[in-house]
Amino acid sequence: YGQLIQLLLKKLSDIIEYQSQGLDTTANSDYNGSPALIPHKDSWMAPPTFSKMDEAKQLNWYALADLLYSLSSLCDVLGNRNRGNNIIKGHLLTNISPREQYSIMNLFDDTIRYLSWDNKMASSFVRCVGPRRLVRDVIKPFVVMTMARRKVNRDSVEQDGVEQIRRDLPNDSYNQLMAILSLYLVLPHSLDKLVASDLSMVLWAMTKIYHPMQLNGFAPANEEKLTLKQPQKILLKTFMKRLRKYRVRSSARGNELVQAVWSVARLMSYLEEQDRALQPKLIGPLMPLPILLPGEDGSDSSLPSMSIEGGNSKATLQPAFYPMFPTQPAVEAIAASKDPADLPTETLHKEAIIMFHTLVNEIVHPPRYSGDKTDEKKSNKAGVEEIKLNSLSLSQIADILYAATSLDISHDDVAAAITAVLKHLTTNPSSTQNAIQQCRRCKDISRLSLSLQRLRVGTGMFDDMGSRIDLEKQCVQLLGERFLDIVHWHNKKQSKRFACDAKTLTQLVRSGVMMFQGNSAATAAMLDAASIMILDQNGHAEEDEDWNSPSFLSSCNEFELSNYLFAFALAKRFDEDVFISLTDQMAEDYILESCTPSSASRAMWSCSMLLSIHESSSSGSNPFNNKQEFALNIGGESFLRERQVDLFHQLAPQLLFSPLSPTDASMAMWAMAKAQYVIDKGIFDQLAVSLASDEMLNRSNSRLISQALWSCGKMVEFEDAKVVAKVAGDSDEDNGESKDDEVVLPPYLKCAEKYLWFLIANREQMTPKHASQAIWTIGKLRLSDTLLVNKMADIASHLCPRLNAREVSNCVWGLCKVGGNAEVVSKLVHHVVDSPNTLARECTAQEAANMLFALGKLRIRDKDLFEKLSAILGDQLHEATSQAIANSLWAHEVVRIAPPAELLSTWAQDRLGIAALGQFKQSEIK
């Protein structure tokens, strides 16, 4: 059988070559001309014959179509065998040499080149074969051979390092034939013969031909991509309109409509990329390191610069702009390549949105009949489901949601359809007919979760308010539980393959925690599954373990590792084993070599957040009288902190290698301040200066800047004592120090003022949390700009009704440190103690003590406020620190208000250990 295949391929190749040699290239070929469909009267009923050609050996149009179909089918079968898929035992194809696959592909290309020789050849072929056979015998084989060629090249590169398929692919021939084929299929008589399955198949095939996906990260070298020209755009628009017709869409199956919707979304995405590729680009500014390298004299004064004073040296930061505009000839070439009659992408996008709404309504809602009962009987007889949504798989539902996000459909317009989808997914969740329960692929769950996150699921906008069912949370929870079931199934099967790849897991857990942040039941199951995979809990018996097999984490890159840490941090879930495994892998040399600043920033932020969560839970769970447990916990925290510092020491330099986004810079600053990482203070300075640039501020928001501002206030605590004293205004000018010993403040302190002015300019974006962080930093850095302090006080006063007790405590503490407005401070404190809701009951002892301290600092003698705050503090004296009680007593003293006897007695007995002092009398308190 193998010898027969070789003989047939050789004979067919000779015939195609012989027929091609007979064509008169000078007289008949308009190969490089624009594609045009020749009228039927001028076309050939059979391929042209020549005097020396034996008609018995010639292939007619139908034979050529059959040849294309057969070659693609044969190549697909061989490809399945090469990929390890099972072929029926005893099948004759099992004996064919894999090398024959190359001959099959080359013959296919030669046939396409022959058929697309000129407009008359291609027009005659498509007119003779007809529309439905063109879909089956030409368009579908195009897809099969495109994918097969990529798979063969990928396998050959992995084995031999050389691509085996020849590089002179007939792309012009493919474009020529596809263009004429498109012009033929949009004719009215052709459209009448095509049903919905044909229309959706053509659209799907175009996504594979014109927008090929990479296979496991492999992209062939120097492959010229086919581009969508005017004929293909006309076909796309015509097919979208055709699918909207009731007669076409009502008789279609749900999966056919989904295929059309997904394909149109992919094609629109490709058209937008194609348009962007023609736009000029500008890269910059790039911020270099704050040092002068050998050979740099910093003499270029044409660029704006920022100076950083440091000791006796001065470094200059100069943004470097790298223009990437095309040259004038390139611009003229781009303009000349555009057809004035070319369909604009905006027009096609509008048609795509209309088609999306029409087809999705057909899918998710019951069918509407024209009033004639015969239509209903025909539909039922044809086996059409009452609601097409019930027949869809989870993968197909994910395709619908992907199309909604890709086409940028308005949330208000798509809300009803998304709600119907969520109801469908959460109906009878334990039934075997449920789409989630029928799913067997983690990738489908991940794709659906990502689309839900992009549609802003988690905000409550799609919940069923009538029945008060949390559809969004229930759907995400069911997806996570199904994902966990698949992971457990792989463990029981003891499969050597992982339940999913690293990219799929990253996509799932990240989108899940972005929808439902914090400790939520919606994400518990998917994080459990992630923990199992990260820790490689595969359930294999020890004797069956292959110690040479790679672990799951070894297949992850730095982006995926940092996102695993980010997901656990955002979910406020600390697992020591997971934390150690991820940080160990993140510190591997090959990970650090490829680590981007964005991944480094994300990993650092996540580590700081996770250890902060761990320390908070540990301090709350350990009783003070259990000294042994407390000592063990302190030792564990020290071990984890050392790991964090070591990881930061390796990741922090990565932040300086390329430009950062405002998000990355702000996250890295927060991580370093939260972790008290002071080994590389210069990196923190560089991040602060970079974020303070006008270009970065224009891309920032209040959340990022307030976070960076808080970091500056925190970092000043770890500066030299002289710096801290100068910031606090406690430096002694008469201590005999010379001018050479003058204290130089770190650069980030100057940046803090610029951050504050940014927040003031964008006050409408500020939330209570942002305002409290900013005002706390003002007090921490002792910023003395009266105008700045007054403007921030006005913002706090405006936000007063929305502030909670902690935010009020931070605001009044910061204002009192810089002599802020006493009226604003009094107003903020009254908001807490006079609140009719639970605000006063939520106030902690520390917060009440801070408010008392602020009242005392500003000499606000309000007995009502002191009594109510003292009552709050008295109810929680067992939680108050010695500092808090001492500050409260000091505040009473400076305004000459007697503190409550219980406050002084508890402080004396419990904190000072004066057990015999007893209850104080009022005269003794005074």
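1. Arginine 806 is exposed, as its relative accessibility is 57% (exposed means over 50% relative accessible area, buried under 20%, partly exposed in between, with a 1.4 Å probe and protein chains only). This arginine forms a salt bridge with glutamate 847, with 3.7 Å between the closest N and O atoms (a salt bridge is a side-chain nitrogen of Lys or Arg within 4 Å of a carboxyl oxygen of Asp or Glu). Arginine 806 lies in helix H35 (residues 805-817) and glutamate 847 in helix H38 (residues 845-857), so the pair ties together parts 41 residues apart in sequence. Helices are DSSP runs of H or I with at least four residues, numbered from the N terminus. Glutamate 847 is buried, at 8% relative accessibility.

2. The model is predicted: local features need pLDDT of at least 70, side-chain atom pairs count only at pLDDT 80 or more, and totals for chains, interfaces and linings use all residues. Residues are numbered from 1 along each chain as its sequence is written, and side-chain values use heavy atoms, leaving out hydrogens and water.

3. A salt bridge also joins the side chains of aspartate 192 and arginine 242 (3.8 Å, N to O). Aspartate 192 belongs to helix H7 (residues 188-193) and arginine 242 to helix H9 (residues 230-243), so this pair ties together parts that are 50 residues apart in sequence. Aspartate 192 is exposed at 56%, whereas arginine 242 is buried at 8%.

4. Within helix H3 (residues 100-115), aspartate 110 and arginine 113 are 3 residues apart, about one helical turn. Their side chains meet in a salt bridge (3.1 Å, N to O).

5. The structure holds 24 salt bridges.

Note on methods. Helices (H or I, at least four residues) and strands (E, at least two) are DSSP runs, numbered from the N terminus.
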